[in-house]
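Biologist: I'd like to go through this one with you, one question at a time. Shall we start with the spaces inside?

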Amino acid sequence: MLDLRAADVNSASIARFTLGRTMDDIRRPVICVRDLHKAYSVPEREAGLAASLRSLWRRQTREVTAVERISFDVAPGEIVGFLGPNGAGKTTTLKMLAGLLHPTSGEVDVLGFTPWRREPAYLRQMTLVMGQRNQLVWDIPVADSYELNRVIYAIPDDQYRRTLDELADLLELDPLLTKPVRNLSLGERMKCELAGALLHRPRVLFLDEPTLGLDVTAQRRIRAFIADYATRHDATVLLTSHYMADVEALAERVIVIHHGALRFDGPLDGLIERFSPFKTLTLDFEGAPGDLGRFGEVIEAADGHAVVRVRKADAAAATARLLAELPVIDLSVADPPVDEVIDRVFSDEAAGAADEAIEVAS
Amino acid sequence: MNDLLALYRAQFRTTIAEQLQYRGGLAIWTIGLVLEPVIYLAVWSTVARSQGGAVAGFGAADFAAYFLVALVVNQATFTWIMWEMEYWIRQGHLSPLLLRPVHPIHRQIAVNLTFKLLTLTVVVPAALILGVVFRPNFAGIEPWTALAFIPALVLAIALRFAIEWTLALAAFWITRVTAVNQLYYVAFLFLSGQAVPLLLLPGPVKAAAEWLPFYRTLGFPVELLLGRLSPQDAAVGIVAQVGWLAVMVVLLNAVWARGIRQYSAVGA
């Protein structure tokens with residue numbers, strides 16, 4: 001019932017990417033992932049005093065598979081969105097690609113390097129941005145932290161100046177550079193983190209939730225910036241996000257993983273239609289909601305406030321009817337969070353859909 | 001090499017800027033550092049006086065000399081890496097450091113040296129004031145002991161740094177390393193000569209302490225400077241320092257490599 005088969009995805013996306021270039025420009029993939037597998041062994045014990053005493057001399061452990069034999073390629077200059085619910089294995093994969101984690105098995109080649117060897121020549125060409133982990137020194141002005149990065153990455157002076165000017169311009173950093181990091185707002189700090197992570201002009205960017213916790217304006221700015229950086233420097237970007245809008249704005253191609261396994265790898269257009277066939281209508285109105293079931297699936301209904309899910313195609317009609325029939329004060333139409341959508345798709349799958357329908361053609 | 005020098009310079013500037021933000025905290029820290037040997041000094045001076053002026057040949061003025069030099073040596077050699085490493089690993093702060101093209105130890109060395117230079121501005125005047133109050137006996141200091149003290153101190157700094165850095169890596173395997181740290185500090189307190197000059201320890205303990213590395217990082221340079229060691233003992237001590245340093249550097253590298261593997265196997 002769900003046929004998400006994207007035939008020969010990798011070659012298709014490479015072909016799309018290289019469109020308009022000469023054949024000589026077809027370079028080998030920047031990122032090559034083969035059968036990448038990561039299993040943790042986690043201690044496990046039942047609740048209660050007796051169980052905790054038992055675990056003193058006999059430790060029960062359980063194998064947990066975080067990432068299950070995934071394979072994919074990313075071509076130079078591609079921006080790929082990495083999607084999946086919490087705990088799907090996105091961050092684990094990103095950490096393995098960046099070189100922080102050793103896989104249990106499988107191979108990864110990024111720019112010709114094996115990431116987890118962490119050779120300086122590799123580290124100088126990539127960056128990993130994980131939202132809450134601050135690389136900036138908390139107590140000193142942002143510019144001083146950047147200066148430290150300049151030395152750590154041995155960036156030549158003129159290149160450093162040019163890059164910093166460019167980043168400061170794109171992200172409007174100038175008023176922030178002289179402030180200590182601890183005095184910045186979350187959005188400001190994220191901008192500064194991002195710029196700091198790009199001073200050495202990495203060719204490969206791994207971005208884990210680059211817009212998490214930011215307001216809409218800041219999200220939009222970061223998105224525009226990432227797209228701009230990628231084009232200017234022909235950088236390859238792999239990003240995870242909770243916000244479908246991030247992925248929509250940036251990535252032509254998405255990779256969906258769930259329970260560690262790769263479930264979809266293909267163009268975004270097909271994914272959105274299939275994974276997010278609904279819109280969420282959030283309404284504030286006067287009085288009791290009455291029966292909202294006739295407009296769509298009721299998610300939430302209370303006096304004065306309700307959330308209704310409708311099919312995308314019906315969204316306009318349902319909105320019009322709601323406005324006509326209810327004393328609406330406020331109404332908003334939105335895509336549901338991508339996590340929710342994907343989770344829903346996969347729980348539908350668990351409820352009976354054939355597993356192999358979601359299998360990726362590889 | 002030039003890159004490394006530039007890195008140390010930059011880290012030096014950053015650390016100064018950082019530490020000066022918290023002048024109050026820095027001052028309190030340093031006061032604690034100064035007070036600790038003053039307590040040993042007061043206790044041992046009292047013991048000496050109650051025993052008719054000296055304990056095993058140590059008079060009040062000798063204790064004063066010993067603990068004042070020990071104050072300066074301890075200030076130069078102590079590290080806080082065992083506490084910091086646990087925090088880095090638990091909170092994930094180690095991860096961004098691993099992704100830089102420079103070994104994290106360089107940052108730590110640079111920060112440590114900078115911190116020492118900053119606290120020196122308090123510790124040296126404090127030692128001078130204490131000198132006036134406790135009237136130490138520095139009669140044993142000779143030109144050769146002063147000269148030999150310099151390499152002994154530098155080696156002591158390097159050796160203690162390597163020991164404590166290696167022990168700090170226990171945090172890769174043990175969730176609560178505070179217990180390990182505490183054990184180390186108690187052992188260090190008695191076997192290094194920090195709380196008691198080695199001379200006052202019972203025979204077998206003293207012999208053991210001389211073979212262990214802790215004494216080489218604190219008591220040895222102090223006794224050397226104060227002229228309590230023969231030139232032969234001084235030479236043996238410096239050779240022991242070099243030997244222990246070599247052992248610790250090898251160990252540090254081996255443990256670091258394994259620890260990082262562990263860290264990146266279970267979830268950095």
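Predicted model: local features only at pLDDT ≥ 70, side-chain atom pairs only at ≥ 80, totals over all residues.

Biologist: What is the volume of the largest cavity?

Modeller: On a 1 Å grid over the protein atoms alone, a cavity is a set of points where a 1.4 Å probe fits but cannot get out, and its lining residues have an atom within 4 Å of a point. Points are joined across faces, edges and corners, and the volume is the space filled by probe spheres set on them. By that rule the structure holds five cavities of 30 Å³ or more, and the largest comes to about 140 Å³.

Biologist: Before we go on, at what pLDDT do side-chain atom pairs count?

Modeller: Residues are numbered from 1 along each chain as its sequence is written, while chains are lettered from A and ligands numbered from 1 in the order in which they are written.

Biologist: Thanks! Which element gives the largest share of the lining of the largest cavity?

Modeller: The lining has 14 residues, with Leu128(A), Val129(A), Gln135(A), Pro96(B) and Leu99(B) nearest the centre of the cavity. At least two residues each come from β5 (126–130) and α7 (186–198) of chain A and from α5 (94–98) of chain B, where helices (H or I, at least four residues) and strands (E, at least two) are DSSP runs numbered from the N terminus. Five residues, the largest share, come from β5(A).

Biologist: How many residues in the lining of the second largest cavity are charged?

Modeller: This cavity has a volume of about 80 Å³, and α1 (2–20) and α6 (104–134) of chain B each supply at least two residues of its lining. Residues that line it include Ile152(A), Leu7(B), His103(B) and Arg107(B). Ala, Val, Leu, Ile, Met, Phe, Trp, Tyr, Cys and Pro count as nonpolar, Asp, Glu, Lys and Arg as charged, and the others, Gly among them, as polar. The lining divides into five nonpolar and two polar residues, with the charged ones numbering two.

Biologist: And what is the volume of the largest pocket?

Modeller: A pocket is an open set of points with protein on both sides within 12 Å along at least five of seven lines. The largest has a volume of about 900 Å³.

Biologist: Of the residues that line the largest pocket, which are the closest to its centre?

Modeller: Two or more lining residues come from each of α1, α2 (23–50), α4, α5 and α6 of chain B. By class, the lining has 14 nonpolar, eight polar and five charged residues. Out of 27 lining residues, the closest to the centre are Val137(A), Glu18(B), Glu84(B), Trp88(B) and Arg107(B).

Biologist: Why do the buried residues of α11(A) line one face of the helix?

Modeller: In α11 (residues 315–325) of chain A, Ala315(A), Ala318(A), Thr319(A) and Leu322(A) are buried, meaning under 20% relative accessible area, with exposed over 50% and partly exposed in between (1.4 Å probe, protein chains only). They line one face because, seen down the axis of α11(A), they fall within an arc of 100°, taken from the directions from the axis to the C-beta atoms.

Biologist: Which residues are exposed on the other side of α11(A)?

Modeller: The buried residues have a cover that includes β10 (278–285), β12 (305–311) and β13 (328–334) of chain A. On the other side, the exposed residues are Ala316(A) and Ala324(A).

Biologist: Is Asn112(B) buried or exposed?

Modeller: Asn112(B) is found in α6 of chain B. Contact means heavy atoms within 4.5 Å, and beyond four places in sequence Asn112(B) is in contact with Phe78(B), Thr79(B), Trp80(B) and Phe161(B). At a relative accessible area of 5%, Asn112(B) is buried.

Biologist: With which residue does Phe78(B) form an edge-to-face aromatic pair?

Modeller: Rings of Phe, Tyr and Trp (its six-membered ring) pair if their centres lie within 6.5 Å, and planes under 30 degrees apart count as stacked, over 60 as edge-to-face and the rest as tilted. The whole structure has 23 aromatic pairs over all chains. With 6.4 Å centre to centre and 75° between the planes, the partner of Phe78(B) is Phe115(B).

How values were computed:
Heavy atoms only, no water.
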